[in-house]
Amino acid sequence: MPLSITSRPDRNFYILTLTGQLTLGPNLKSLQQMAQVAFETGSPDALIVEVGGVRYTDSAGLGELTILYSLCMRKQCMLILAGVPNQLRQMLELTRLDALLPSASDTEAAKRMVKAREQKQKDLEGTRDSDEP
C-alpha cells in the first residue's frame with residue numbers, strides 16, 4: 001500500500017496523518033513537502049505526525065523522519081510522533097532515534113506534551129528572572 005498523507009492545522013499545531021508504507025518510493029518526498037507547507041502557512045508550536053496507520057517503515061522512511069526533525073528544529077518547532085506502531089518503535093529504539101523523535105500514544109497526548117514543555121520553559125524563565133538582582 002503506497003504512502004498516503006493528509007494534513008490539517010489544529011490551533012497552534014499542524015498534524016500530518018500517514019497511512020500505508022513509509023518506504024522508499026515516489027510518495028516519500030511528499031512528506032517533507034507537506035511539512036514545508038505547514039511552515040509556510042504559519043508557525044506551529046509542534047508538528048504532530050500521526051503514524052498509527054503506517055504498516056511498514058524502511059530505512060528511507062526513517063531517514064525522512066529525521067529530515068522532518070531537522071526542518072522542525074530550524075523553525076523552533078517540536079516534532080512528535082503519535083500512535084507509533086511496534087515495527088517503527090523497534091526501529092527507533094534500535095537506531096536510538098527514539099531519544100531524538102519523541103512519541104505519544106495519540107494526538108491528544110502529543111498536544112499535552114507540547115503544553116507541558118511550554119509550561120516548563122515558562123517556569124524556568126520565571127526562575128531565572130527571580131534570580132537576577
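A salt bridge is a side-chain nitrogen of Lys or Arg within 4 Å of a carboxyl oxygen of Asp or Glu. The model is predicted, so local features need pLDDT of at least 70 and side-chain atom pairs count only at pLDDT 80 or more, while totals for chains, interfaces and linings use all residues. Residues are numbered from 1 along each chain as its sequence is written, and side-chain values use heavy atoms, with hydrogens and water left out.

**Exercise 1.** Determine which parts of the chain the salt bridge between R8 and E50 ties together.

Step 1. The side chains of R8 and E50 form a salt bridge with an N to O distance of 3.5 Å.

Step 2. R8 belongs to strand β1 (residues 4-10) and E50 to strand β3 (residues 46-57), so the pair joins parts 42 residues apart in sequence. Strands (E, at least two residues) and helices (H or I, at least four) are DSSP runs, numbered from the N terminus.

Step 3. Burial is judged by relative accessible area: buried means under 20%, exposed over 50%, and partly exposed in between (1.4 Å probe, protein chains only). R8 is partly exposed at 36%, whereas E50 is buried at 16%.

**Exercise 2.** Describe the salt bridges of K111 with D10 and with E108.

Step 1. In the salt bridge between D10 and K111, the closest N and O atoms are 2.4 Å apart. D10 lies in strand β1 and K111 in helix α4 (residues 107-131), so this pair links parts 101 residues apart in sequence.

Step 2. K111 also meets E108 in a salt bridge of 3.3 Å, N to O. These two residues are 3 apart in helix α4, about one helical turn.

Step 3. D10 is buried at 17% and K111 is buried at 4%, but E108 is partly exposed at 43%.

Step 4. D10, R11, E108 and K111 are linked in a network of salt bridges. The whole structure holds 4 salt bridges.

**Exercise 3.** Which element gives the most residues to the lining of the largest pocket?

Step 1. On a 1 Å grid over the protein atoms alone, a pocket is an open set of points where a 1.4 Å probe fits, with protein on both sides within 12 Å along at least five of seven lines; lining residues have an atom within 4 Å of a point.

Step 2. The lining includes M73, V114, R117 and Q121.

Step 3. Helix α4 gives the most, with 4 residues.
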